[in-house]
Structure formats: structure tokens, C-alpha cells
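I opened this notebook to record what I looked up in one model.

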Amino acid sequence: MLREGPVPRTVHGAVEYILGVVFLAGPILFDFDSSVATGVSIAIGIVVLVNTAITAGMPTSLVKQLPITAHVTVDMGLSIFLIVAPFVLGFSDETAARNFYMVLGVGLLLLTIGTRFREPSQRPTAP
């Protein structure tokens, strides 16, 4: 499940802290009309910040309790949810909120896929 992409874990963690703040501020910055889009964005911001702050194996983590595989699973699930949320939750007709969710969902997915989560000692050796 853990891939060896070009993005270091430190960068991944820093970007996720920024992403969490963007989710918290997004409804104000982009003037969401939908209260559902606003509430979900704030909830996702909190989830992203907590997920990043409690992950073991992330240099940017504060508590180091959550296994890295669980962090990756949450990131992947959030990415998929973000991409489909405007359509499932009924705010797909609101351009700002829809685009915000879809762009950040794809961005989080690409960040997660491209992150090097394994430590050098965890990499498989060649036979």
C-alpha cells in the first residue's frame, strides 16, 4: 500500500497543514452559498489537521499515534469523498464550492499517491 513517490513525508505533512487551513478558510474566501458545503469543508479541515498531527512516522506530526497506513487510508478516502461530495451532497450547481472540492480532492489524491511514505530501512532490497 505504501508507495515510493517523489514527495518527501515532510513536504506531505506541511502541505496537509496548509490544506487543513484552506478547508477551514475556504467557505469564507470563496463565498460558499451552500451551508452544507460550508459545514463539510470545516469538518474536513479539522479531520485533515488532526490526521496530520497524530500520525506516527510523519516528521511534522505532533503526537505520533496513528499508523502511517491509516493516515494514507484516510487521505485516499477523503480524496474520493471530496471529488464526489458536490454531487452526492447536492451543491454541484454552486460553481465555487464544486470546483473547490474537486480541485482539492484531486490535489490531495495526487499528493498521497506521490508521497514517499516508506523509510529508507523499509524499502525492499534487490535479490
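I took helices (H or I, at least four residues) as DSSP runs, numbered from the N terminus. The model is predicted, so I noted its terms: local features need pLDDT of at least 70, side-chain atom pairs count only at pLDDT 80 or more, and totals for chains, interfaces and linings use all residues. Residues are numbered from 1 along each chain as its sequence is written, and side-chain values use heavy atoms, with hydrogens and water left out.

Entry: the span of α2. I found 19 residues in helix α2 (residues 35–53), with end C-alpha atoms 27 Å apart.

Entry: the N-terminal end. Ser34 caps α2 there, a side-chain oxygen lying 3.2 Å from the backbone nitrogen of Val36.

Entry: burial. I used buried for under 20% relative accessible area, exposed for over 50% and partly exposed for in between (1.4 Å probe, protein chains only). The buried residues of α2 include Ala37, Ser41, Ile44 and Val48. They belong to a buried set that packs against α1 (9–29), α3 (68–88) and α4 (95–113).

Entry: Ser41. I list this residue of helix α2 as buried because its relative accessibility is 0%. Leaving out residues up to four places away in sequence, Ser41 touches Phe23, Leu24, Pro27, Phe32, Phe100 and Tyr101, contact meaning heavy atoms within 4.5 Å.

Entry: Val36. This residue lies in helix α2 and is partly exposed, at 36% relative accessible area.

Key. Helix = DSSP H or I, 4+ residues; strand = E, 2+ residues; numbered from the N terminus. Expected span 1.5 Å × (residues − 1). Polar contact = N/O pair within 3.5 Å; in protein donor to acceptor, adjacent residues only side chain to side chain.
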